[in-house]
Amino acid sequence: MMKKVRKDELIVPVTFIVFSILCFFLSGISFLFLAEQVALRFIRNIILVLALIFPIMAGMGLNFAVVIGTMITQACFIIVLNFNIMGGRGAALVLLISLAAAAGVGYVIGRLLNKVRGREMVTSIVVGFLANYIYQLIFVAGFGTVIHVFNKKLVLSTGIGVKNMVDLKTFKEVFDNLGVFRIGKAKISMLLLVMIIVCGFFVFYLMHTPLGQRIKAVGMSEEKAANIGIDTDRVRIIVIVLSTVFAALGQFVYLQNIGSLNVYTEHLDTEKFACAALLAGGASIRKAGVKNAFIGVVLLHTLFVLSPLAGRNAFANASLGEYFRSFVAYGIIAFALVVNLRLEQKGEK
Amino acid sequence: MGEYVLEVRNLEKYYGQNKVLDKVNLSIKKGQIYGLIGANGSGKSTLMNILFGNSVISGTGGYSGDVIFEGERTRFRSTTEAIGRGIGMIYQEFMLIPEMTVAENIKLTRENTKSIFGKASGSMLSFVDKRKDNEDAARVLEQLGFQIDNSYLVKNISVNAKQFVEIAREVNKEDLKLLLLDEPTAVLGDEDAGKLIKVLKELAKKGTSVLFCSHRLHEICQVCDHVTVLRDGQVISDYTKDELDMHTLARDMIGYDVAAVKKEHLNREKKEILKFQDFSVYMPGEYLDGLNLDVYQGEILGLTSLSGHGKLAVGYGVMGQFPVRGELLHGSAAMEVKNVRRTIEQGIFLLPDDRKNMGLLLEHSVRDNIIFSGFYGRNLFQKKMGGIFPVKDKKEIERYVEEQIEKLEIKCESADQKVKELSGGNQQKVCIARAVLVAPKVLFVMEPTRGVDIGAKEKILDMLVQINREQGTTIVVASSELEELKRISDRIAVFCEGKLSQILPPDASDEEFAFAFTGEEEEDGQ
């Protein structure tokens with residue numbers, strides 16, 4: 001019985017691997033190029049995906065509100081740049097402020113999600129939308145009007161509103177000069193890698209502490225957990241705080257690695273791609289682990305690198321590639337959710 | 001005063017308008033096994049929930065009266081608080097996490113930890129010491145005399161094993177002062193129940209007090225030092241160990257005010273209208289197991305049992321609300337219960353016990369509710385406009401609704417009043433008026449008088465008898481109010497633990513009913 005369920009859980013990852021192999025041959029690129037691209041994307045995205053694990057463990061489903069964590073980090077970057085604090089000092093400051101702010105905001109979201117039990121996924125999506133517009137309002141209209149501009153390079157020539165693209169090279173350099181090694185042409189910062197390993201270990205470790213046991217218990221049955229004497233509200237808030245903080249950290253690593261910030265679009269869809277990655281790694285909306293995150297990110301981004309090229313070659317049309325990529329991302333979420341649902345129904349019988 | 005672990009004084013609790021606990025007083029000594037018995041709705045569970053700080057209580061307006069724990073007046077706001085003070089509870093429906101192992105469940109919230117970072121052990125952020133947890137769990141289970149592998153997931157173990165895991169979890173608590181048990185032996189066989197009782201006695205010897213709630217009277221008599229009988233939220237009687245007697249307990253529990261009014265019994269020829277053959281219903285919280293029963297045309301059949309023992313599952317099973325297994329014959333043809341529309345067309349109709357959620361359109365008027373089933377299901381009150389288009393016959397509806405309101409004495413401002421504004425009794429009358437309109441052949445009625453005041457109760461019962469007599473409707477009433485069933489039924493089927501225990505005539509003695517309720521063998525007591 002147990003063995004059979006495990007096999008079922010492999011459906012999504014195996015589909016992925018098969019699809020990736022197919023695309024690899026269609027795309028006709030070298031394996032080294034693929035490895036280099038996937039490694040880069042892995043580093044950029046993995047922490048964000050880890051951020052999703054806690055809420056799933058606590059039975060709150062996919063936390064689409066992680067997008068708020070990413071916006072906080074972006075805002076912190078802009079604010080720190082506005083005060084002309086550059087280099088390592090600036091990066092450290094961004095990290096500090098964004099994590100603190102994420103914890104605070106996470107607490108508020110946690111309180112909110114406690115009020116909408118059972119509807120966490122939808123609520124977090126809507127909260128994400130709302131936060132997006134507040135964010136836009138601040139940086140489109142607030143900068144140069146309410147907020148004083150110290151760094152003229154940030155704003156548009158009219159003096160109001162942050163530019164679309166903000167350069168973060170000053171921060172990127174810090175990491176690029178600390179223990180870098182290469183895969184193909186891609187530079188991998190040891191510092192970032194260490195951060196990722198620490199995060200991965202932290203999630204794994206946390207799941208094996210009494211707090212982790214409580215989180216799991218709440219996730220499996222909130223009512224029972226409450227009757228055993230677990231303060232479920234508190235556990236759920238802790239979970240969302242952790243998730244938001246991880247999201248902020250994840251976006252920090254991401255932007256650090258890219259070296260520039262698309263102020264108004266960078267955070268869009270990040271949460272959906274993160275969810276897709278986790279699901280691709282064989283997680284369900286009820287069960288997810290560090291393992292799922294690592295496998296999923298590799299699988300998803302392998303396909304992401306390959307699919308536009310494969311699409312271009314297969315249909316002899318360059319523009320089809322991008323559509324193909326989006327189709328893959330949303331297709332996975334839909335496919336994984338359906339498979340999950342079916343497994344769950346099976347489990348009940 | 002110091003000798004009492006727990007004292008309850010003048011405890012009162014309302015759910016909405018219903019008083020479920022009425023000036024309840026209890027005192028439990030240290031190391032005492034205190035029995036609490038009572039039929040469905042007597043307030044046992046409510047009492048336990050109050051003592052354990054369950055959020056259900058504060059969510060429904062709290063309670064009045066005093067709970068004195070270890071000589072100190074307390075008011076637990078959460079189960080966490082109650083557990084912190086040394087109270088444990090074993091639930092009838094297990095509070096175990098199915099996806100965790102036996103050991104994990106036993107040690108949940110009290111895990112052993114290794115302190116890697118030199119933090120104090122027991123911290124929320126230290127690493128769980130699985131081996132030590134397993135050893136602990138194994139030791140407790142051995143102490144209970146129950147053999148099971150610690151590493152099994154709880155979802156894969158048997159029901160009685162679950163019960164033992166739950167008990168192990170509570171017993172493993174070091175400073176357990178008071179243990180509350182809600183029907184712990186309901187799922188256990190005699191042998192396992194014996195083991196449990198032994199454990200309870202040992203616990204009591206060590207100084208833990210036990211509040212033991214059960215409907216298995218012989219167990220109560222066997223272990224309890226003191227027994228309190230609750231009925232309708234009131235303490236009916238108190239007995240010490242020497243005074244215990246199963247017959248008195250049974251009578252106190254069910255109550256023996258036999259009502260004077262009875263339906264006259266007609267001798268009809270026995271023609272089956274519904275035939276249940278090995279009929280099982282899987283309804284959450286209520287389970288019907290392999291029912292074989294004939295329902296005769298034109299009778300009023302009462303179904304009764306303690307709560308959760310199967311009386312409600314019959315009707316809901318017939319109406320296809322829950323998964324069923326087995327055969328149901330209507331006349332001589334097999335019925336497909338999943339096809340609810342067809343069932344209703346065949347003249348089978350159900351008035352649910354959960355009126356607010358299942359039986360009524362709360363936001364709609366009294367009028368709409370009365371005519372709903374007839375209008376949409378039976379195409380009544382339709383006239384042809386211009387000879388072609390069917391429209392509502394408003395005049396006819398008005399006449400009928402007014403007539404019903406008068407006849408059933410539905411207390412409402414007008415037929416336009418929203419149903420949600422009516423009292424429970426009047427809501428039930430609306431339900432009945434609706435059922436009358438469709439003139440069903442078989443009418444299932446669930447708990448028709450629950451949450452209904454005494455005056456309305458009479459009217460409702462009277463109506464049921466009237467429908468039966470005048471329209472020849474076969475009525476199957478599921479109710480926990482035995483007195484009422486006795487007054488209106490031709491036969492009463494008693495269920496126990498999902499099985500048909502006995503079919504008794506309404507004039508059977510209270511003892512017979514009490515034994516049928518508890519599933520005890522007659523010779524046990526006689």
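This is a predicted model: local features need pLDDT of at least 70, side-chain atom pairs count only at pLDDT 80 or more; totals for chains, interfaces and linings use all residues.
Reader: On what basis is the model read?

Author: Local features need pLDDT of at least 70, side-chain atom pairs count only at pLDDT 80 or more, and totals for chains, interfaces and linings use all residues. Side-chain values use heavy atoms, without hydrogens and water; residues are numbered from 1 along each chain as its sequence is written, and chains are lettered from A, ligands numbered from 1, in the order in which they are written.

Reader: Why is α5(A) called roughly parallel to α7(A)?

Author: The axes of α5 (residues 66–82) and α7 (residues 120–142) of chain A cross at roughly 15°. Angles under 35 degrees count as roughly parallel, over 145 as roughly antiparallel, 65 to 115 as roughly perpendicular and the rest as oblique. Therefore α5(A) is roughly parallel to α7(A).

Reader: Why is α9(A) called roughly antiparallel to α12(A)?

Author: The axes of α9 (residues 190–206) and α12 (residues 232–258) of chain A cross at roughly 165°. That angle makes α9(A) roughly antiparallel to α12(A).

Reader: Which residues of α9(A) meet α12(A)?

Author: With contact meaning heavy atoms within 4.5 Å, the residues of α9(A) that meet α12(A) include Leu192(A), Met195(A) and Phe202(A).

Terms used
Axes are lines fitted to C-alpha atoms, for helices over the stretch in contact, and angles run from 0 to 180 degrees between N-to-C directions. Helices (H or I, at least four residues) and strands (E, at least two) are DSSP runs, numbered from the N terminus.
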